[in-house]
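Please keep the sequence and the model in view while reading.

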Amino acid sequence: MVRNIRDHTPEQKNFNYTVGRNINYMRKKVLGWTQKDFASQLGITFQQLQKYESCTNACSGYRFKQIAEKLGVSMDDLCDPSLIAKRKALAEAAALNSGVVKAKDYQNNLAEQFEEQSRYEDNIDFVKGRL
């Protein structure tokens, strides 16, 4: 098996670039791990992980499977050129949903404040009427 990317075909280079990019994104943006932290979990040096992410070296099948498991994704996901776009879309949808929930909470809070103000004004009118 040829592991040095310089000896790979353009298709292999493109594939390895996609995998490296996805590993980097999942590690850094989704899980918030440093290369050193993640490499330690894999039992490799951070320099080796750096080579996988930058496509200087391709990883073995076993290591590929191990990386996918640690990142909590399938091996197919790591090969998917649209993984990052899908993850960003999910994050945006979650943020929008959170915003909708916050807006509804705000709206409910305003309604409660309005009701409280109305009760207060009714009490003031009652007291004025008794004077």
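Lys65 is partly exposed, with a relative accessibility of 40%; this class lies between buried, under 20% relative accessible area, and exposed, over 50% (1.4 Å probe, protein chains only). The model is a predicted one, in which local features need pLDDT of at least 70 and side-chain atom pairs count only at pLDDT 80 or more, while totals for chains, interfaces and linings use all residues. Residues are numbered from 1 along each chain as its sequence is written, and side-chain values use heavy atoms, with hydrogens and water left out.

Lys65 pairs with Glu69 in a salt bridge of 2.8 Å, N to O, the term denoting a side-chain nitrogen of Lys or Arg within 4 Å of a carboxyl oxygen of Asp or Glu. About one helical turn separates the two, because they are four residues apart in helix 4. Glu69 is exposed, at 53% relative accessibility. Helices here are DSSP runs of H or I with at least four residues, and strands are runs of E with at least two, numbered from the N terminus.

The count of salt bridges comes to three. In another of them, Glu53 joins Arg27, with the closest N and O atoms 2.6 Å apart. Glu53 belongs to helix 3 (residues 46-53) and Arg27 to helix 1, so this pair ties together parts that are 26 residues apart in sequence. Glu53 is buried at 10% relative accessibility, and Arg27 is buried at 4%. A salt bridge also links Asp80 and Lys86 (2.7 Å, N to O); Asp80 is buried at 15%, whereas Lys86 is partly exposed at 46%.

Helix 4 (residues 61-71) also holds Phe64, which is buried at 11% relative accessibility. Beyond its neighbours within four places in sequence, Phe64 is in contact with Val19, Cys59, Met75, Leu78 and Cys79, contact meaning heavy atoms within 4.5 Å. Phe64 and Val19 lie 45 residues apart in sequence, yet their C-alpha atoms are 9.1 Å apart in space.

For the chain as a whole, the secondary structure amounts to six helices and zero strands. Of its 131 residues, 26% count as buried. Among contacts between residues at least 6 apart in sequence, 58% join residues at least 24 apart. The chain exposes about 9300 Å², of which carbon and sulfur atoms supply 53%; accessible areas come from the Shrake-Rupley method with a 1.4 Å probe, and for residues only the protein chains shown count as cover.
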